[in-house]
Amino acid sequence: MYILLIPSFVLILAVVLYPTLYGAQLSFREMRMNRPALGTGLIGFKHYIRLYSDPVFWTALWNTVVWTTASVALEFLLGLVAALALNRNLPGTKLLGVLILLPYFLPNVVAGHMWSLLLDPRLGVINDLLVKAGILGSYKAWFADPSTAMAAAILVEAWHGFPFFALLLLAGLKGIPADLYKAANIDGAGPLAQLRLITLPMLRTVIAAAVILRVIGLVNSPDLLLILTGGGPGRATQVLSLYAFQAAYKDFNFGYAAALSVVMFVLLMLFAWAYIRVSKVNKD
């Protein structure tokens, strides 16, 4: 029986384990494609020591926390509201479900360019509507202002990613026995009490899985920020994944980029472990 597992084991080694280990050992080497004279020898913890004294790294780390926390919180709230609405099976919910899922079907590249046009300070429709409504006095460059760039990018990400939560939470809602809500109605529990005492506890495992997967996706994917802001203005929207991408493909410093990637890997592992412990999903 164990012989049948060998092909899967080999595939996992080739696709998952080997690239991970190669990336980790690359962080202990000097590899700068634009300076081949430096060679590719072992340099120990040089890159990690540089990270500690790199102000851009600490800025990117803080921005990553803000970007991930705010985006996941907004996406979860929007996804929960959408899932609860779709779970009521009212007329038109099937069409509404398709419309809700549309943003998630769009590639990040398409969504990013679409919103960069919608929020454009010269041609953007949203600026035009806000000015005509009297909310803004003049057209605003949302992604060029350090005070609004991160918030605007988070709203775009929340719009694009909340269907992920809606889909998973809706699947979880379908698995909650209706008898629990009938019993709660008899006991006089209102909608908010049912949400707090029945719905959210029963969805705890689904929520934990969705949050962990979404955090991993946001931390590792800089494409939306790369399109909307490029990490700017200044360092206002610089995150770790974008910094690693720029270190590798702009500065051609693959060793330093690998060190950044290892740090992200360790942080994600610690987050997943801590979140599972706090949410207590392993005690169900």
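## The largest pocket

H13 provides eight residues of the lining of the largest pocket, which is the largest share. Helix H1 (6-26), H12 and helix H13 (254-279) each supply at least two residues of that lining, where helices are DSSP runs of H or I with at least four residues, strands are runs of E with at least two, and both are numbered from the N terminus. The pocket holds about 440 Å³ of space, and among the 20 residues that line it, Ala257, Ala258, Ser261, Val262 and Met264 are the closest to its centre. By class, the lining has 15 nonpolar, five polar and no charged residues; here Ala, Val, Leu, Ile, Met, Phe, Trp, Tyr, Cys and Pro count as nonpolar, Asp, Glu, Lys and Arg as charged, and the others, Gly among them, as polar.

A pocket is found on a 1 Å grid over the protein atoms alone, as an open set of points where a 1.4 Å probe fits, with protein on both sides within 12 Å along at least five of seven lines, and lining residues have an atom within 4 Å of a point. Grid points are joined across faces, edges and corners, and the volume is the space filled by probe spheres set on the points.

## Basis of the values

Residues are numbered from 1 along each chain as its sequence is written, and side-chain values use heavy atoms, with hydrogens and water left out. Because this is a predicted model, local features need pLDDT of at least 70 and side-chain atom pairs count only at pLDDT 80 or more, while totals for chains, interfaces and linings use all residues.

## Overall architecture

The secondary structure of the protein comes to 13 helices and zero strands, and its C-alpha atoms fill a box of roughly 75 × 70 × 30 Å along the principal axes. Of its 284 residues, 37% count as buried, that is, under 20% relative accessible area, with exposed meaning over 50% and partly exposed in between (1.4 Å probe, protein chains only). Among contacts (heavy atoms within 4.5 Å) with a separation of 6 or more, 65% join residues 24 or more positions apart.

## The nonpolar core

The largest nonpolar core has 58 residues, and those with the most contacts inside it are Leu51, Phe57, Trp67, Val156, Phe165, Leu169 and Leu260. H7 gives the most to this core, with 12 residues. Such a core is a set of buried Ala, Val, Leu, Ile, Met, Phe, Trp, Tyr and Cys residues joined through side-chain atoms within 4.5 Å. Leaving aside neighbours within four places in sequence, Phe57 is in contact with Leu51, Leu240, Tyr243, Leu260 and Val263.

Gly112 is found in helix H5 (residues 108-118) and is buried, with a relative accessible area of 0%. Beyond its neighbours within four places in sequence, Gly112 is in contact with Leu224, Ile227 and Leu228; the C-alpha atoms of Gly112 and Ile227 are separated by 5.9 Å, although the two are 115 residues apart along the chain.

Gln246 lies in helix H12 (residues 240-249) and counts as buried because its relative accessible area is 16%. Apart from its neighbours within four places in sequence, Gln246 is in contact with Gly230, Gln238 and Asp251. Phe265, in helix H13, counts as partly exposed at 45% relative accessibility, and it is 49 residues from Ile216 in sequence and 9.2 Å from Ile216 in space, C-alpha to C-alpha.
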